Amino acid sequence: MPSSVVGQTPSLTTFLKSLKQNDIENSIELFISLLKRRQIKNSRPCAIATTHLLLRVVAEPKRKWDAQKLIARVRHVGRRLIAAQPREMAVGNIVRRVLGVIREVAERDEDPLTDSEISGSASPITGEFQRPALPTRFSEFSPLHGAAAMPHNMHSGRPGTADSMAMEFGGTPQRPALLSTNASYAGQGPPGTSLFSILQHPQGRSPMATPPPGTQSPVTGPSPSRRAIAGEIPEKLDIKAEVIDGIKELQDELDVVDNQIAESALDHIHSNEIILTHTSSQTVQKFLLTDARKRKFTLFHAEAYPNNHEATHATILNGAQGEDDSDERWKPLTSLGITVILIPDTAVFALMSRINKVILAPHAVLANGSLIAAAGASTIALAAKTHHVPVVVLSGVYKLSPVYPFDTDELIEYGDPSKVVPFEEAEFTDKVDIVNPLYDWVDCDLVDLYITNLGGHAPSYLYRIVADHYRMEDIDLNAKQDAVVKKG
Amino acid sequence: MAPKARKTGEPLEAKETLQAVIIADSYEDRFLPFTLERPRCLLTLANMPLIEYTCEWLASVGVEEVFVCSGNHTDQVETYLNNSRWTKDTSPFSLEVVRSTSTSVGDAMRDLDQKGLMKGDFICVYGDVIANIPFDAALKAHRARREKSKNAIMTMVLREAGDYHRTKDQHHRRCFVIDPETDRCIHYEQVRPRTSPRLNIPEEVLKDHVEIDMREDLIDCGIDIYTPDALAQWSDSFDWKLPRQDFVHGVLQDFETFGRTIHTYIVNEGYAARVNTLRAYDATTKDVVSRWAFPYCPDTNILADQSYQLQKGNLYKEDGVVLARSSTVSHRSVLGKATSIGEGSVITNSIIGRRCVIGRRVRVENAYIWDDARVGDDTVIETAVIANEASIGKKCHVKRGALVSYGVRIADGVTVEENTRITRFKRKRGYDNNEVCQGVTDPKVVGEGGEGFRLDLDEDEEYMYEAMLAGAQELNVTTDGDGISDFESGDEEDEYAHSREPTSRSGSFTSIASDESGETKRDHAKFHREASDSIFDGLQREQDPDHIQLELQAQRLTENAEDNQIRRAVAVAFSRRIANLIEGGRTAKEAVATAILPNQRLIKACVKEAGEQAEFLLFLQTDLVHRAQGSKVLLHVAFVLAGEDMVDGDGLEMWWEDPRSVATEELKKVRAETQPVVDQMAGESEDDDDEEEESDDE
């Protein structure tokens, strides 16, 4: 749809295109204004744009980075981006992940001998970030049910990722090395980890099989073999190149994240279940489509009026479309023989007693396991709680933010009231304050399971993934600046 | 007409740079006294200059080149823009300030055309537009039309707004007649305030279009898509000033001749409005604060140094606001950086700028207080605008509709009456001269120790002033006491439109013209309407008098009209032209000179004998009864006609003695001032005789 238009209005697509021509400062400013104007919005486009932008920042030509300089630079850019639209938390998440990559490279650079792949035992600091590429999904650990374990060749069987890095890194040959890393890590990890893992999974799986704390999405962790090669190169690592590789891996993660989540669909949705979902989400659509190929279920789709109902209707009618850069389209669920019933958000409570599972897509997930999702999600989650219906949240790790919510009001954006009451209804709008919150806050108590590209997790476990993906130093980008200043 | 390589098709078109023109000068006085010192586009709305909203919207639309046309206060506009992010390397578009000495939108457009800056179709907006509407569809529709026909020279973007909307201009209701099939605007008129709505839709319009929409529910947000052809149209017509009343009206009238069309694009999502009156300022601010213009709300922090945060009830606070514990700031307010509010003060529904100091126990309601203003203890401010650095003393009362300009100081205990405009500067004499000088402080208005005086609108602006009061009264009836009524300000366009109503006068003529009846009467009325319209148009576009004459002749032959009808048409056309010049800001004398002197031949052609001359004057007199400054005009006309020998003494005398010229009180009143001319002329003709005799003697 947008491609047929004159192509003047800036959007994610034009931004990505312009990145190649514009110089870096221009691109940063452009991204900031696009964020402010909400011309790039929602987590995925924001994340994609941020990775591309940071890639440009790092790859800035004619510039030699040392690690500290690079960190300072990325932080600086990150702060500006976050200030532009603090409620798009994916931006901050990506910035922090990139910072993590830089630090990791820097640490390796400083002391190449402690590299875990070479020494075989990681120091706690470096080890945390030299995550092994784990071959399996963790969806089988879902507390909801004990499904059969993933087939081993899941990677290669993944649809639509032929060109992805996953193929490059996800192959089996690297696996043997991992086990040792895992083991060594488990030994050094916090003592509570294994016990925690046991409690975490009521099925009583063996600790070995629980997601190790060092879990990261498989594609993001640089492969051990590459590591080894990198480590063998004497002294100076090319920081720039290494970081660029890291960011590219991040981009690949964004590419495949939906597919990875969708892979676990069969474990969660069973024949003849009645599912309720809300708003149009690419992730949820893929998830359901994957399942629909094998099974029949009934879907209730709450339309998310007034901010997202049009997209929802389009999704039901024509299938999902990529959020902004839509080159691929999927068939609607109905074409696979699934009964889809569109309901208004208000009917959710009445129907909840018949529903087996609620699937939500968040806008952002916070460190304590609570989430921010399109307005209406809170109602659904509360209704589900009342009826003891499990709530499953599908979220890529990139949506997982290290921010802990102190003031939940601040996180919610208020949109244009004309969606609620049309502008023409002047008599009315003159006298009444109309608010249109775009997001809802859903507390962690109301969520039963998170499915990320790493697998399934209980909300209470998310803090651990946060710890794995983000460095402590980077969690507060502003505060750290002070610390750096003090140090300097 | 335009050198356009349209045929190459889509891909080339996409590459075309999208250009935009911002008309930064309003060429109006509705924001007096603020616009004395600062251009309108730099006034702040919700603590951000208006032009920022406009630029931001243009950037969001994907414009790549912007030209800012500025007449007045160009330096300030330029300085501001040079320091803003729009001229930095990172700006999404290139921006150039076009300096010109224009005194109207028309001048600015002609200037642009001359400079040849516009390469293709472009967006034309005012520097006071606030919009967030998506524009792709409008542009696409426009381009599709252009592909089909080169005559589609302009697209107006209009926002649907229902019958009554605070943001819609209630004063001059703009009425668009649109063919819904082609979105073509086929007729445009402004309905005068306080009159029962009545449109004069030409017959052809009804004949040619199967379906027409007559819409009065549209906000004219001043966003147009122009083509180079449209620009050329401006250049062709030297006296067009206003984009709607002159340009749209003119082009539509010439449709029969040139076939050029103007289209509309009606938007029904998003926000678009123009801040062109104080009332609109009030309404738009409310819209921005209640997030209708999302994402252009204070908490988006569009400017890099802003740090607004939204709190419950649409209350926006920037960092570093100091609120006393016992103060109350209630909903729909905006507080700028480093503003402090004293104990026990109550702020409701108000915008307060940066670094303001509000004293203790102050009550501020629906007010706009700009940066660095000070308000003393126990003061009450209601629905007023307090400009930058103004200071209000203790125990003052600023009443509704008061406007306190930059740097004015109001001493303790003073009451500022309703609708007072207080300023420190005034415009130097001479209307076109925009220099300002400091006025003399009037202690009666600002109190002892204060600074500033009351700005009384001078003679030329009298109409506006009247319009303001009248508007306020009317609005008080409809929207009872919500405060905004006082923000009504006058409007010159409006008066102007009045003078263009083509047929309203014709009725009064039948009484004196002749005793016609039935069909002939109607025929005559029709001829009169058409002829006078075409002459008037010719005059307005300053066509060659021979040309006008030719056209008139043709019309006369087709309608088989009599001579006296032609005289009547000419008289009325001149009278209208003069009235319109006067409303354009000329004095009666200038107007008469501009209208008549170049077109002497036209008058001479239809008045030859004394009897005809008398009749011509009579027609003129009758028409001038309704016009502004009619008596003055008549005086000058008589003077000029006599001076240039278009009318001789006999003709004047015959007219003067004609019983029809004193038939009513009004007629008498109008001609009263002309008495001396007639006396003199009568005397002169005798003198002439004497002189001739004398010369004969020699």
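Buried means under 20% relative accessible area. The structure is a predicted model.

**Exercise 1.** Classify the aromatic pair of A:Phe423 and B:Trp292, and determine what the pair joins.

*Solution.* 
Step 1. The search of the whole structure gives 17 aromatic pairs over all chains. In the pair of A:Phe423 and B:Trp292, the ring centres are 5.9 Å apart and the planes stand at 65°. Planes over 60 degrees apart count as edge-to-face, and the pair of A:Phe423 and B:Trp292 is accordingly edge-to-face.
Step 2. A:Phe423 belongs to the loop between strand 7 (391–394) and helix 19 (426–431) of chain A, and B:Trp292 to the loop between helix 11 (278–289) and strand 15 (309–311) of chain B, so the pair joins two chains.
Step 3. A:Phe423 has 2% relative accessibility, so this residue counts as buried. B:Trp292, with a relative accessible area of 4%, is buried.

**Exercise 2.** Carry out the corresponding analysis for B:Phe122 and B:Tyr226.

*Solution.* 
Step 1. The centres of B:Phe122 and B:Tyr226 lie 5.6 Å apart with 10° between the planes, and the pair is stacked.
Step 2. B:Phe122 is in strand 6 (residues 122–126) and B:Tyr226 in strand 12 (residues 218–226) of chain B, so the contact ties together parts 104 residues apart in sequence.
Step 3. B:Phe122 is buried at 0% relative accessibility, and B:Tyr226 is buried at 1%.

**Exercise 3.** Describe the lining of the largest cavity.

*Solution.* 
Step 1. The structure contains 17 cavities of 30 Å³ or more, and the largest holds about 170 Å³ of space.
Step 2. The largest cavity is lined by 16 residues, and those closest to its centre are B:Thr167, B:Lys168, B:Asp169, B:Ile219 and B:Asp220.
Step 3. Strand 12 of chain B gives the most to this lining, with three residues; strand 9 (173–179) and helix 11 of chain B each supply at least two.
Step 4. By class, the lining of the largest cavity comprises nine charged, four polar and three nonpolar residues.

**Exercise 4.** Which residues lie closest to the centre of the second largest cavity, and what contacts do B:Arg274 and B:Arg244 make?

*Solution.* 
Step 1. The volume of the second largest cavity is about 90 Å³. Twelve residues line the second largest cavity, with B:Tyr126, B:Arg174, B:Asp220, B:Arg244 and B:Arg274 the closest to its centre.
Step 2. The charged end of B:Arg274 sits over the ring of B:Tyr126, 3.4 Å from the ring centre.
Step 3. B:Arg244 forms a salt bridge with B:Asp224, with 2.9 Å between the closest N and O atoms. This pair links helix 9 and strand 12 of chain B, 20 residues apart.
Step 4. B:Arg244 is buried at 4% relative accessible area, and B:Asp224 is buried at 3%.

**Exercise 5.** Locate the salt bridge of B:Arg424 and B:Glu451, and state whether its partners are buried or exposed.

*Solution.* 
Step 1. Over all chains, the structure holds 48 salt bridges. The N to O distance between B:Arg424 and B:Glu451 is 3.1 Å.

Note on methods:
Residues are numbered from 1 along each chain as its sequence is written. Chains are lettered from A and ligands numbered from 1 in the order in which they are written. This is a predicted model: local features need pLDDT of at least 70, side-chain atom pairs count only at pLDDT 80 or more; totals for chains, interfaces and linings use all residues. Side-chain values use heavy atoms; hydrogens and water are left out. Rings of Phe, Tyr and Trp (its six-membered ring) pair if their centres lie within 6.5 Å; planes under 30 degrees apart count as stacked, over 60 as edge-to-face and the rest as tilted. Helices (H or I, at least four residues) and strands (E, at least two) are DSSP runs, numbered from the N terminus. Buried means under 20% relative accessible area, exposed over 50%, partly exposed in between (1.4 Å probe, protein chains only). A charge sits over a ring if NZ of Lys or CZ of Arg is within 6 Å of the ring centre and within 35 degrees of the ring normal. On a 1 Å grid over the protein atoms alone, a cavity is a set of points where a 1.4 Å probe fits but cannot get out, and a pocket is an open set with protein on both sides within 12 Å along at least five of seven lines; lining residues have an atom within 4 Å of a point. Grid points are joined across faces, edges and corners, and a volume is the space filled by probe spheres set on the points. Ala, Val, Leu, Ile, Met, Phe, Trp, Tyr, Cys and Pro count as nonpolar, Asp, Glu, Lys and Arg as charged, and the others, Gly among them, as polar. A salt bridge is a side-chain nitrogen of Lys or Arg within 4 Å of a carboxyl oxygen of Asp or Glu.
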